[in-house]
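Biologist: I would like to learn how to read a few features from a model. Could we take them one at a time?

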Amino acid sequence: MGETEQRPTAGSRLGAQENAGISTLEHGQKPPMTPPGKLISIKIQMLDDTQETFDVPQRAPGKVLHDAVCNHLNLVEGDYFGLEFPDHKKMMVWLDLLKPVMKQIRRPKHVVVKFVVKFFPPDHAQLQEELTRYLFALQVKQDLAQGRLTCNDTSTALLISHIVQSEIGDFDETIDREHLAKNKYIPQQEALEDKIMEFHRSHMGQTPAESDFQLLEIARRLEMYGIRLHPAKDREGTKINLAVANTGILVFQGHTKINAFNWAKVRKLSFKRKRFLIKLRPDVNSSFQDTLEFLMSSRDFCKSFWKICVEHHAFFRLFEEPKPKPKPVLFSRGSSFRFSGRTQKQVLDYVKEGGHKKVQFERKHSKIHSIRSLTAQPSEQHTEVPKQSSSFAYGDDNDAAAVQSCRQGKELKASTEDTGQHKSPSLKKSPKEGRKVDGAVVSTVEEEEEAAKDRMQQNRPQSQQPSTGSLTGSPHLSELSINSQGGPSVANMSLSPNLSPDAKQSSPLISPLLNDPSCIRTDDEEEVKRKRFPTEKAYFIAKEVATTERTYLKDLEVITSWFQSAVSKEDCMPDTLKNLIFSNFEPLHKFHTGFLKEIEQRLALWEGRSNAHIKGDYQRIGDVMLKNIQSMKQLTIHLWKHNEILTELENGIKNSRKLETFCRDFELQKVCYLPLNTFLLRPLHRLMHYKQIMERLCKHYPPSHIDFRDSRAALAEISEMVAQLHGNMIKMENFQKLHELKKDLIGIDNLVIPGREFIRLGSLSKLSGKGLQQRMFFLFNDILLYTSRGLTASNQFKVHGHLPLYGMTIEESEEEWGVPHCLTLRGQHQSIVVAASTRAEMDKWTEDIQMAIDLAEKSSGPAPELLASSPPDNKSPDETTVDQESEDDLSASRTSLERQSPHRGNTTVHVCWHRNTSVSMIDFSIAVENQLSGNLLRKFKNSNGWQKLWVVFTNFCMFFYKSHQDNHPLASLPLLGYSLTIPSESENIHKDYVFKLHFKSHVYYFRAESEYTFERWMEVIRSATSSASRTRALSHKELHAY
């Protein structure tokens, strides 16, 4: 005991002034001394199933015991862990760090306290220490064994394969079978053994630390990761389960999440006897009541859950430990419980400051050993692990910067689990020599289990030279590194788990706390990194082909995989329609899968990542494009069918309520991030992208270049294909847009009729007896509709009236009405006065309305009676209007991608309503041309950390992914109304290729990897942020004519 007391505790390492007491104190306040007295022995079961005994004074608070365990493990980030034990009612509870241990554990001789993970952070990359990630990996292993972490067989096999790699090293079939026979990681493991070994084969060269990192990367994406279910009932008596995570309170039915209450929406948490109460902040868009009530089995169970909710809120949302409330003089009311300890921000800040020594730990059963790299001085270099890199490599491949959204992204659940019965790498105490090191290094993080098979032949880390360690390879063009002394560094395509705090950031996109670690990098070092890979413009043009092709392939999979799978489970679509759709899309998917593989292989040769280093033959892309475009001509027969596919699908939806409901529900899935019928147009859009890319390539190459002839021939071939399909595509785009608008409108039938063309939609203020009221206007070539946003479940717009354009006149009337940017529209039977938000908006509306009037005068147009105002029978006619929502409401709407209700708040119509702007059909056509995908580093206004994201720009919106392999976005940012600029000197953004997006108080900085990609992102984003005039737009169309 004397030796234990002499060692510094985890509390002292975390900045506490003395051995015990509260970890965060006010200035001048001293922590309580460890009380003297009789010692009691407490048995602690570790995450590796070993048991240790700790002697603490009877009157010592729980913090003393917790610090003793962390000190024993040399665990710096101990705040993520907790001590759990069964109370006198056999209910598992958490040890209160402020109360004396003896008052909580009544019979210590008969109780085993479990040391487990208590707080699961929103991003495992925030765990700076290899030991911490190792303990988290053990927790995942336990949860799998105990059935708490439920997932499909593929995910389960992939998780176990990383555990096996950590324990026995590289794949050997005989050893694998023996190991799996002796170690049962899940019940009924035998059925998955072949799949486990198949995945294990792909992890060659992966160290234990790398396995831990990738294990956590896969686990964190599972819905039940870190979740501990608490049985309850709702007001109707329905059995449900409640859980708490870093994002808020979650509601489950069985193991399926049915609702989530973000901390930002929760006003108060309380309990009365066995009723758990959640008081929400007012929200006009929400169908929930002000206070939600859940009934739990007992008061003690309810209070226990309330406590863990309070602790999660404080740990993840507060910047520092909450101050204790003053004790009442006479009577106390309510519980005095409060969170004790450091918040996540304080832990991150402490580890960022460094100053801790190297420590060692042992991995039980692991055959591969390494030293955890913790430096006391920033300049100290660690050359004993060549692959280990404290850098954030910038490239296209498996992004390890975790992306989450506190408002809407993936909710990473927090829980703590009981330890399992299976053996795993363990923690051993060495009394004199400390802890032996068996840590390891980290390689790339794969995003999806489907990618594991593809990695088998390509993920071959090298130990003596820098390795991209990626699926397809990517130039290490720039990186955020802390290695300012020029020590060995590796072009890893991921965040190393041993990153110094300065190199790894928490993710403000999802995390409730904004972390501001600095990213140190010298200019000389950056230049060395850039010179490792090609820098010519042609290379980046070729790379754009690869990045956009990845997104295109994912879009095809929405139809060929996700939609087809959903259709096969429901008897809602005629067989003829099924065959029509999938027989024409599957050949396209098969062809472009091979096309993408060829492009990536050429890029690998170009970058020198393969064994072939013949520069002249491989530093080009025109020959690959020519070969595949010529082969693509054979698929033209399928492209001609797309018009029929779109028409037949819409007719099927019109005639079948079951199919309509099915398609609507499918659009609510996260993978369907755009309207379903938009994906049906993607193959035609892609042809135009090829044409534009080849135009840029031919413009760049001099006629004497080796690749010029092939590039020009490829351009001629693709131009011919585009010209043939041009007319068909224009009709399909208008048809698709009319049907898309039909979903956003109620109170009108027959919106889609032959001859009708969409021109513009947007927000205008209509002058009435009540003053100016916001209305949404829809302009077609024969009619002008005006609507208001109703409080419907699907957020549709109710039609208030329409004006036929035939015989209409338009005139400015600012002076007459005294309203800026005011127009009077005089129809044959009705006149209305409207006002635009700006002069530019007024000019765009005036120009388009006048053009539409001229078109209506030249043709008789559709008869007004076709525009019956009776609402469809499946819509509610009793809609009420609401005032304009605030930007905060919009933020909640547009970032809530996981909302469970039938919600259409992310559509362009709703963005225009909130941003008080408009878009035209020409803007949509330009947006089709200006689509882009690739990696960007993003930074918020109030943070220093850059986050690496895979970004897809389409449909006036930036969609954020963690990796190009992700199936659905984690967040989105509609750009209509945003301004695009270059950061000024005063903003202290001392980086190249940075652009700035801002709207009101929302500011984002994005950083590209090269001058070419920077210019391309500026070009495509400008098309959405600054809507061009009709004259300029038409000239743009001429430049990119079909």
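**Reading contacts, helices and sheets**

Modeller: The side chains of glutamate 544 and arginine 696 are joined by a polar contact of 3.0 Å. Keep in mind that this is a predicted model.

Biologist: Where does glutamate 544 lie, and is glutamate 544 buried or exposed?

Modeller: Glutamate 544 belongs to helix α14, residues 537-569. Its relative accessible area is 6%, under the 20% limit, so glutamate 544 counts as buried. Apart from neighbours within four places in sequence, glutamate 544 is in contact with Ile693, Arg696, Leu932, Tyr1012 and Arg1016.

Biologist: How do I describe two packed helices?

Modeller: Two packed helices are described by the angle between their axes and by the distance between those axes. Here, the axes of helix α6 (residues 153-168) and helix α7 (residues 173-182) cross at roughly 105° and come within 11 Å. An angle of 65 to 115 degrees counts as roughly perpendicular, and α6 and α7 are therefore roughly perpendicular to each other.

Biologist: Which residues make the contact of α6 and α7?

Modeller: From α6 come Val164, Glu167 and Ile168, and from α7 come Ile175, Asp176, His179 and Leu180. By class, the contact of α6 with α7 has four nonpolar, two charged and one polar residues.

Biologist: Now the strands. What is the general idea for side chains in a regular strand?

Modeller: In a regular strand they alternate between the two faces of the sheet. In this model, an open sheet is formed by seven strands with antiparallel pairing, in the order β27-β26-β25-β24-β30-β29-β28.

Biologist: Which strands stand at the edges?

Modeller: β27 (971-974) and β28 (979-981) do; each has a single partner strand, so one side of each lacks a neighbour in the sheet. From one strand to the next, the twist averages 35°. β28 pairs with β29 (residues 994-999) over three bridges in the antiparallel sense, and serine 979 has histidine 998 of β29 as its bridge partner.

Biologist: What packs on the sheet?

Modeller: Helix α14 does, touching β24 (932-940) and β25 (947-954), with its direction at about 90° to that of β24. Helix α28 (residues 1011-1025) also packs on the sheet, touching β24, β25, β26 (957-961), β28 and β29; its direction makes about 15° with that of β29.

Biologist: How many residues of strand β21 are buried?

Modeller: Four of the five residues in β21 (residues 822-826) are buried. β21 runs antiparallel to β20 (residues 809-812), joined by four bridges. β21 also pairs with β22 (residues 831-835) over five bridges, again antiparallel, and a hairpin of four residues joins β21 to β22.

Key
Residues are numbered from 1 along each chain as its sequence is written. This is a predicted model: local features need pLDDT of at least 70, side-chain atom pairs count only at pLDDT 80 or more; totals for chains, interfaces and linings use all residues. Side-chain values use heavy atoms; hydrogens and water are left out. Helices (H or I, at least four residues) and strands (E, at least two) are DSSP runs, numbered from the N terminus. Buried means under 20% relative accessible area, exposed over 50%, partly exposed in between (1.4 Å probe, protein chains only). A polar contact is a pair of N or O atoms within 3.5 Å; within protein, one must be able to donate a hydrogen and the other to accept it, and residues adjacent in sequence count only if both atoms are side-chain atoms. Contact means heavy atoms within 4.5 Å. Axes are lines fitted to C-alpha atoms, for helices over the stretch in contact, and angles run from 0 to 180 degrees between N-to-C directions. Angles under 35 degrees count as roughly parallel, over 145 as roughly antiparallel, 65 to 115 as roughly perpendicular and the rest as oblique. Ala, Val, Leu, Ile, Met, Phe, Trp, Tyr, Cys and Pro count as nonpolar, Asp, Glu, Lys and Arg as charged, and the others, Gly among them, as polar. Two strands pair if DSSP finds at least two bridges between them.
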